[in-house]
Amino acid sequence: MRRLRFPFAIALVAVIVVGVIYWLRTRPHEVPTPFVTQGRLQVYALDVGQGDSELIISPEGKSVLIDAGPPQAGDEVVSALKKRDVKSLDLVVATHPHSDHIGGMRAVIENVEVKNFLDSGQVYASNEYERLLRVIKEKKIKFIEAKKGMKFDLGSGVSLETLNPQGDGQWITKVRAGGSVENANSVVMRLTYGNFSMLFTGDAETETEQLMIRSGEPLRAQVLKVGHHGSRYATSAKFLEAVAPEVAVISSGADNRYGHPAQVTLDRLQKAGVKIYRTDLNGEIAIVSDGNKFEVHAARQPVHVALRSGSAGVLACLLPAVALLSMVGGRGRLRSRGRRL
Ligand SMILES: [Zn+2]
């Protein structure tokens with residue numbers, strides 16, 4: 001028996017060592033490539049799971065947070081702000097009052113100074129939203145109801161313009177069966193800096209897209225924060241034609257119960273030749289621009305890319321496993337031989 005244990009142990013160690021090497025070589029890269037932020041416009045799609053949160057930092061340091069993810073992402077959003085030394089936010093935007101967008105907001109307001117709060121202005125009964133409104137009042141944060149045409153100057157020629165809601169009580173009241181009026185009346189904003197522009201659509205639905213196209217608003221943007229986590233009911237072909245994005249950013253949680261993003265939306269984006277980044281696959285996504293060109297830096301590469309490049313590693317891992325199995329099989333044979341003796 002002693003003779004048998006030794007090769008078995010060697011094979012086991014070999015499997016573990018090769019497995020660890022394989023994992024080290026193919027695991028998603030957690031370290032983002034360093035990039036220049038100084039004097040540039042930075043936009044971060046934060047990794048908040050199933051929800052939405054984007055941070056904008058202008059070249060002169062003005063900062064805007066659009067949504068703050070679900071309640072459990074509050075700490076993540078706060079640490080993302082601290083990591084970039086954001087001690088006060090010039091503007092916080094709640095695109096609409098759903099929990100996956102405002103859930104993390106109280107944690108933000110309690111940890112960071114907030115100067116202005118832009119809300120869709122919809123009436124919505126939820127304890128979470130009412131508590132948030134109370135905290136905003138207590139902290140004496142300026143409360144602004146969003147309306148088409150409102151512009152926020154972030155300095156150095158960076159501007160954030162409101163494209164939706166239309167204002168003056170013109171709400172979208174009719175949505176598809178199963179659709180959400182709150183989503184359809186999301187605050188939509190367009191960020192511009194020189195030749196660069198990015199569109200933030202909250203959970204806007206096709207109805208919102210149609211309304212914005214009809215009213216002739218400036219929709220063109222190199223980067224599109226895809227509406228409603230990539231749901232099938234947003235990002236219509238017509239809207240994509242109007243925006244003509246080069247890059248799409250989808251914020252969704254891994255294996256979420258809604259099936260976001262929908263394959264049909266991914267197909268529409270692919271057909272339009274748009275490069276897709278997803279927080280569920282790429283983690284945090286950074287977009288930096290000098291007002292002329294822009295770069296996208298993802299915290300990690302999608303796992304399927306890593307696996308493809310490491311297919312040799314799978315083989316290397318399988319070979320010792322096969323050896324181990326044959327060794328175990330051999331052990332049985334040897335033992336029976338031993339009995340015979
Ligand atoms: Zn949402």
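Mentor: A nonpolar core is a set of buried Ala, Val, Leu, Ile, Met, Phe, Trp, Tyr and Cys residues joined through C-beta atoms within 7 Å. A residue is buried if 20 or more other C-beta atoms lie within 10 Å of its own, exposed if there are 12 or fewer, and partly exposed in between; the C-beta atoms are placed from the backbone. Our model is predicted: local features need pLDDT of at least 70 and side-chain atom pairs count only at pLDDT 80 or more, while totals for chains, interfaces and linings use all residues. Residues are numbered from 1 along each chain as its sequence is written.

Trainee: Which residues touch the most other members of the largest nonpolar core?

Mentor: Val92, Val93 and Met189 do, in a core of 73 residues. Being members, these three count as buried. In the whole protein, 42% of the 341 residues are buried.

Trainee: What is Val92 in contact with, leaving aside its neighbours within four places in sequence?

Mentor: Its partners are Leu65, Met105, Val108, Val114 and Phe117. Contact means that two C-beta atoms, placed from the backbone, lie within 7 Å, so each of these five meets that limit with Val92.

Trainee: How confident is the predictor in the protein, on average?

Mentor: pLDDT is its confidence in each residue, from 0 to 100. The mean is 87, and 84% of residues reach 70 or more.

Trainee: What makes strand S1 largely enclosed?

Mentor: Strands are DSSP runs of E with at least two residues, helices are runs of H or I with at least four, and both are numbered from the N terminus. S1 covers residues 41-45, and four of its five residues are buried, so the rest of the structure largely encloses it.

Trainee: How do you know that S1 and strand S16 pair?

Mentor: Pairing needs at least two bridges found by DSSP. S1 and S16 (residues 285-289) have five and run antiparallel, so they pass. Gln42 stands opposite Val288 there. S1 also pairs with S2 (residues 54-57) through four antiparallel bridges, where Ala45 faces Glu54.

Trainee: Why are S9 and S15 said to stand at the edges?

Mentor: Seven strands form an open sheet with mixed pairing, in the order S9-S10-S11-S12-S13-S14-S15. S9 (151-153) and S15 (275-278) each have a single partner strand, so one side of each lacks a neighbour in the sheet. From one strand to the next, the twist averages 20°.

Trainee: How many bridges join S9 to S10?

Mentor: Three, in the antiparallel sense, with S10 at residues 158-164. Phe152 stands opposite Leu160, and Lys151 has Glu161 as its bridge partner. In their hairpin, Gly155 takes a positive phi near 80°.

Trainee: What makes S10 mostly covered?

Mentor: Five of its seven residues are buried.

Trainee: Which residues of helix H2 are buried, and why are they on the same side?

Mentor: In H2 (residues 74-83) they are Gly74, Glu76, Val77, Ala80 and Leu81. They span an arc of only 170° around the axis, which puts them on the same side of H2; the arc is that of the directions from the helix axis to the C-beta atoms. These buried residues pack against S1, S2 and helix H4 (105-111).

Technical notes. Axes are lines fitted to C-alpha atoms, for helices over the stretch in contact, and angles run from 0 to 180 degrees between N-to-C directions.
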